[in-house]
Amino acid sequence: MLLVQFKSGDGRHVGILEQDTIRVIDGYATTYALAQAAIRGKHKLAELAQGAAGSRTVAFADVAVLPPLDHEDPAHCYVTGTGLTHLGSADARDAMHKKIGGDVETLSDSMKMFRLGVEGGKPAAGTAGAQPEWFYKGDGSIVAASGEALAMPDFALDGGEEPEIAGLYVIGDDGQPYRVGYAIGNEFSDHVTERQNYLYLAHSKLRACGVGPALLVGELPEHIDGVSRIRGADGQVRWEKAFVSGEKNMSHTIANLEHHHFKYQLFKRPGDVHVHFFGTATLSFADNVQVAPGETFEIEAPAFGPALRNQLTVIETQVAKVTAL
């Protein structure tokens with residue numbers, strides 16, 4: 001099942017995406033409200049959504065799509081992620097294994113982290129495996145819906161896509177994390193800043209991101225095929241590459257990545273929303289592509305329905321000033 005959150009002339013709605021049509025769910029204006037009802041009533045989300053779906057339908061092309069899950073107070077939505085989690089193509093995988101096969105002390109910190117995941121990222125069910133790289137991106141205010149711009153600050157040295165799958169969660173009244181589903185995302189980072197010094201990783205991740213348009217309810221397929229594109233200002237594709245995800249193509253299980261995020265009590269505050277990116281192995285930056293303002297990122301994977309599209313824009317910033325009281 002694919003859920004879509006959207007705005008129309010009479011307000012906000014959530015509905016079930018069926019081909020090019022959205023069947024509106026009655027009684028719930030948001031995915032968040034639907035999820036909370038499922039948690040509190042101990043229902044399966046898909047069953048609740050199906051049972052509440054009415055007869056009204058709207059065309060997907062006629063609505064303003066929203067992020068597939070949000071919170072009315074953006075400060076109560078954490079956006080985070082993990083890196084060095086994907087094995088990449090067969091050739092890249094072979095090359096990576098050759099790099100990590102020697103003396104551990106000769107490896108870079110990134111290679112050491114990747115090796116930890118390869119060796120211990122898929123533990124037995126119910127046990128904790130190797131701890132992945134983790135980063136914070138921001139709160140709900142940085143999440144762009146499909147069709148909205150991705151705003152890059154003018155001090156950024158790069159704005160590059162990262163085609164990823166994100167887990168979307170609501171924390172129940174009991175402090176238990178509940179996975180609402182998955183969505184395709186553009187994690188979007190400043191790779192030039194990161195490359196200057198790996199200790200700049202935290203800075204490079206404090207950027208906007210795109211998520212959606214649809215939310216996949218249920219378990220994630222073990223293998224996900226997708227395509228990432230850059231379209232020029234004229235709409236023509238100027239870079240395109242296939243990407244894969246899902247546990248078959250990862251060095252960590254989803255459960256292990258979830259454990260190492262939600263093991264912190266901070267992230268189990270009742271009512272909060274979490275958007276957590278699971279990583280990628282495909283970047284246009286790796287092919288020496290620099291995306292310019294006015295160009296569009298397009299990330300598509302059939303399992304998630306319509307493509308995620310966001311145009312790159314630049315916002316003006318000023319030297320921060322602090323006023324003493």
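In this predicted model, strand E17 spans residues 296-300, and Thr296 is part of the strand. With a relative accessibility of 16%, Thr296 falls under the 20% limit and therefore counts as buried. Beyond its neighbours within four places in sequence, Thr296 makes contact with Arg229, Ile230 and Arg231, and also with Arg309, Asn310 and Gln311.

Glu298 is likewise found in strand E17. Its relative accessible area is 3%, so Glu298 is buried. Once residues up to four places away in sequence are set aside, Glu298 touches Val227, Ser228, Arg229 and Arg231, together with Ala307, Leu308 and Arg309. Two of these partners deserve a second look, as the side chains are involved. The side chain of Glu298 forms a polar contact of 3.0 Å with that of Arg231, and another of 2.7 Å with that of Arg309. For readers tracing the fold, the C-alpha atoms of Glu298 and Gly185 lie 10.0 Å apart, while 113 residues separate the pair in sequence.

Turning to the cysteines, the structure contains 0 disulfides. Cys77 takes part in none, and the nearest cysteine sulfur, belonging to Cys209, is 8.5 Å away.

Terms used:
Residues are numbered from 1 along each chain as its sequence is written. This is a predicted model: local features need pLDDT of at least 70, side-chain atom pairs count only at pLDDT 80 or more; totals for chains, interfaces and linings use all residues. Side-chain values use heavy atoms; hydrogens and water are left out. Helices (H or I, at least four residues) and strands (E, at least two) are DSSP runs, numbered from the N terminus. Buried means under 20% relative accessible area, exposed over 50%, partly exposed in between (1.4 Å probe, protein chains only). Contact means heavy atoms within 4.5 Å. A polar contact is a pair of N or O atoms within 3.5 Å; within protein, one must be able to donate a hydrogen and the other to accept it, and residues adjacent in sequence count only if both atoms are side-chain atoms. A disulfide is a pair of cysteine sulfur atoms within 2.5 Å.
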